[in-house]
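Have the structure open as you read.

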Amino acid sequence: MVDTIYAPATAAGRAAVAVIRVSGPASGEAVRALTGNLPKPRQAVLRTLRHDGVALDDALVLWFQGPASYTGEDAAEFHVHGGRAVVEALLGALSALGLRLAEPGEFTRRAFQHGKLDLAQAEAVGDLIDAETEGQRKQALGQLGGALGRRYDGWRDLLVQALAMLEAAVDFPDEELPEDVAARARPGLETLKAEIDAALADIARGRRVRDGFRIALVGAPNAGKSTLLNALAERDAAIVTATPGTTRDVIEVPLVLGGYKALLADTAGIRETADDIEAEGVRRARGWAEEADLRMWVVDAGEFHVKHSEHHSIVRAGDWLVISKTDLVEPSVVTAIRAQTAELGLHVVALSAREEGADPIRAALTEHVVQALSGAEFPAATRIRHAERLGEARAYLERALAETDDVELAAEDVRLASRAVSRITGRIDPEDVLDRVFSSFCIGK
């Protein structure tokens, strides 16, 4: 028998209102026991909650008759005053009535199991709860609305159509079928493979929106990295001194740029050193910079000729070169630095953080981040799980297209590709991913 579950849907602590959710076959009995009768479905009513003859609180009560509920089951909500004593009293009463406290994500898991959400939508519920920026909200809301699911279902339909053609050629060779029935599947499979290739190439975008666009400030000691970090953060996040090697660990500061989350990191100055602590800081700086979405090499305009060789070998095209302290040198020095680095394919920015502030470089960073994270033609995948399944589907499609002389093997690979795509939305065989998806949810969702 299915348990009836309950949990707070609002955060713990003092608040004006707290919401307690109930879902399962005994939901109606619980509402009757606490209020005396069952309200009309989907209409809020004011009731006094009582247990064992004792008044608990005056509450708004909502009754949702399954399947017209979030979970697809009979469900109810109690909107009570948000004091801890009130909430604890109601939770105790629900427990005494034989209901069970929900596990993390159990409400959304039941919604998935009853077909109210696909697996990608269920993941979006968690993303929407955690959304801190406008970009994260838009992406999660689009995914919750079924944008990803519709695209994957469309791909699966194309695969099923192709599979039908291939299997017809295998199973009914003596029937009056067109001679090229198997060949007719090929154009659709080639188009689908190209679309999956594009989705895989774009896979990092969705994760950057979700987790943050990573920006590393890299360079030699005393180049001005910490000053730039503080200017962009608009607070003293890093210590700034004239002593080289002050920063010995990675200092991360979250930013919001153009509605997108970014993570800006100040790193230890890159140089050879005999100091074990500083050497570890340099190692971490290199590691963080290697994984960053954007690396900003900060160089002291007056010391560039000395420091440049120490990191020249690990600069890559597309990095930014930030020439700092330009107020301390002649304009010709900045021009010379631009000329010396022209072959590296860098985006060059010259500034004095002390005189100009961070507004010019913040505007440039915002434009870069918005351009990198927006404007794609289709919704971005947001999980490593999505990338793994899409990679599997692509490999099966590639093999199916190569098997021009064996229709039966090609059909099997198309079937496997369809299965891989279907597992993203949980249409088939979802059990191996359910625990991973829902375990990160908060209680009451």
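Two strands pair if DSSP finds at least two bridges between them, and the helices (H or I, at least four residues) and strands (E, at least two) are DSSP runs numbered from the N terminus. This is a predicted model, where local features need pLDDT of at least 70, side-chain atom pairs count only at pLDDT 80 or more, and totals for chains, interfaces and linings use all residues. Residues are numbered from 1 along each chain as its sequence is written, and side-chain values use heavy atoms, with hydrogens and water left out.

Start at the hairpin that β8 and β9 form, with two residues between them. In its turn, G258 has a positive phi of about 60 degrees. Strand β8 (residues 251-257) runs antiparallel to β9, joined by seven bridges, and L255 stands opposite A262 in β9. Strand β7 (residues 213-218) pairs with β9 in the parallel sense over five bridges; here A216 faces A265 of β9.

Why is β9 (residues 260-266) largely enclosed by the rest of the structure? Six of its seven residues are buried (under 20% relative accessible area, 1.4 Å probe, protein chains only).

Now turn to helix α9, where S226 is placed. S226 is buried, with a relative accessible area of 11%. The unreviewed UniProt entry annotates S226 and T247 as "binding site"; such annotations may be inferred rather than shown by experiment.

Helix α9 (residues 225-233) also meets helix α14 (residues 359-373): L228, A231, L232 and A233 contact I361, R362 and L365 (heavy atoms within 4.5 Å).

Conventions: Buried means under 20% relative accessible area, exposed over 50%, partly exposed in between (1.4 Å probe, protein chains only).
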